[in-house]
Amino acid sequence: MRRVALTVFGLSLLSSGPVSAGAETTLYSFCTQGGNSCTDGIQPVRSGVVSDSSGNLYGTTYTAGPNQGGEVFKLTPEGVLSVPLGFPDPYGGGGPIGGVVRDEAGNFYGATQDHVFKLAPDGSETLLHYFSGDGNHNYLLQSGVSLDRKGNVYGTSYLGGAGGDGILFRITPQTKLKVLHAFAGSDGAFPESPPIVDRDGNLFGVTSGGGSDNCVSNGCGVVYEVMKGGIYKVLYAFTGGNDGYNPVEGLALDRAGNLYGMALLGGVNGCGTVFKIPPDGSEITLHGFTYNDDFHDGCGPESQPVVDKKGNLYATTRAGGDLGGGTVFEITATGKEKILYAFGSAPDAAKPDGKLLMGSDGALYGTTLAGGTKGWGTVYKISLH
């Protein structure tokens, strides 16, 4: 199936600016409001940020916030944080993971562990679907969602479905749910990120388990495609060798139809890999993280990569780097890795994860799970020179 580069609403993901080592700015440290209750939230798990036309940044925190169940937050260019939606909300549940996505009308979409929601620009919330146990299998959402050009919402559940290994679903603008695929182990299991959608309506994603059983009892993980007509196929099954295993976060798609992603574990030294899947379905390992005694390289890549117009890839590792707090790195179109920034520990940001945003200013924006003035995570900016 021919792949066409995707459009992500509300983001400026592509930049052709020059690349070199970057300077880090902490834009916001969580738990600086509300004393011990941290009414501004803590732990933006796999959140990352998206932006609007005014330069405001939006994301999620997993817990705390005004209702102590996590939140959707808004951060202005002046560094003022507000909370348009706090969890638990009237629909119950909490613990949003994976941030939010934004459509052209300014609505935001995301998921807690048990429901998918829509947040209007005026702050009003709409329940798109509530996932409950079907009597045999309990669903558990471990990621955010994605959108297509028609307003359909796509996501995955870590558990549930006919085999209990998770599902891939679509929710229409009329809030009708359709299970597109129920994972069955050999074709993938335990997805922890939403698929990406190309302009033709084809879906591409990863599962953290399933496929080959060379790795652990849960399997090594796969890269999959669902064609517009609904046909599911495994594009690549990880072996647990130098190709790595356990891909957790989502994929990126370039203009030539190449897919890019990261395996959390395995590779040359057990610290994960960056991989490329060309349209022919082969797998190319672009980098295997070493995390040697000098701590220069990263370890544990756990973010959705960004690829610019020149074919340079940007992403993060949760650990490693000179100070052990994780890294923001670049892999050039020629395959050379460069550490753009190495995180430390509080008051520096630490443990970056989630998706990166490349802004129209050419800078990278993201979130960290830890670090900051209170140690509960940050929103940060990496300026590329």
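Modeller: The second largest pocket has a volume of about 450 Å³. A pocket here is an open set of points on a 1 Å grid over the protein atoms alone, where a 1.4 Å probe fits and protein lies on both sides within 12 Å along at least five of seven lines; the volume is the space filled by probe spheres set on the points, which are joined across faces, edges and corners. The model is predicted, with local features needing pLDDT of at least 70 and side-chain atom pairs 80 or more, while totals for chains, interfaces and linings use all residues. Residues are numbered from 1 along each chain as its sequence is written, and side-chain values use heavy atoms, without hydrogens or water.

Lining this pocket are 22 residues, each with an atom within 4 Å of a point. Nearest the centre lie Asp148, Tyr154, Arg170, Gly201 and Lys228. Nine of the lining residues are charged (Asp, Glu, Lys, Arg), eight are nonpolar (Ala, Val, Leu, Ile, Met, Phe, Trp, Tyr, Cys, Pro) and five are polar (the others, Gly among them). Strand β13, residues 177-182, contributes the most, with three residues; strands are DSSP runs of E, at least two residues long, numbered from the N terminus.

Elsewhere, an open antiparallel sheet has four strands in the order β18-β19-β20-β21, where pairing requires at least two DSSP bridges. Its edges are β18 (252-253) and β21 (284-288), each pairing on one side only. Two bridges join β18 to β19 (residues 259-263), and Leu253 has Leu259 as its bridge partner in β19.

The structure also holds three disulfides, each a pair of cysteine sulfur atoms within 2.5 Å. Counting bonded cysteines along the chain, they follow the pattern 1-2, 3-4, 5-6. Cys31 and Cys38 have their sulfur atoms 1.8 Å apart, and both residues are buried, that is, under 20% relative accessible area with a 1.4 Å probe and protein chains only (exposed is over 50%, partly exposed in between). For Cys215 and Cys220 the S to S distance is 1.9 Å, and the torsion about the S-S bond is about 105°, so this disulfide is right-handed. Cys215 is partly exposed at 21%, whereas Cys220 is buried at 0%.

The disulfide from Cys271 to Cys299 has an S to S distance of 2.2 Å and is left-handed, because its torsion is about -80°. It links distant parts of the chain, 28 residues apart: Cys271 sits in the loop between β19 and β20 (273-277), Cys299 in strand β22 (residues 298-301). Both cysteines, Cys271 and Cys299, are buried.
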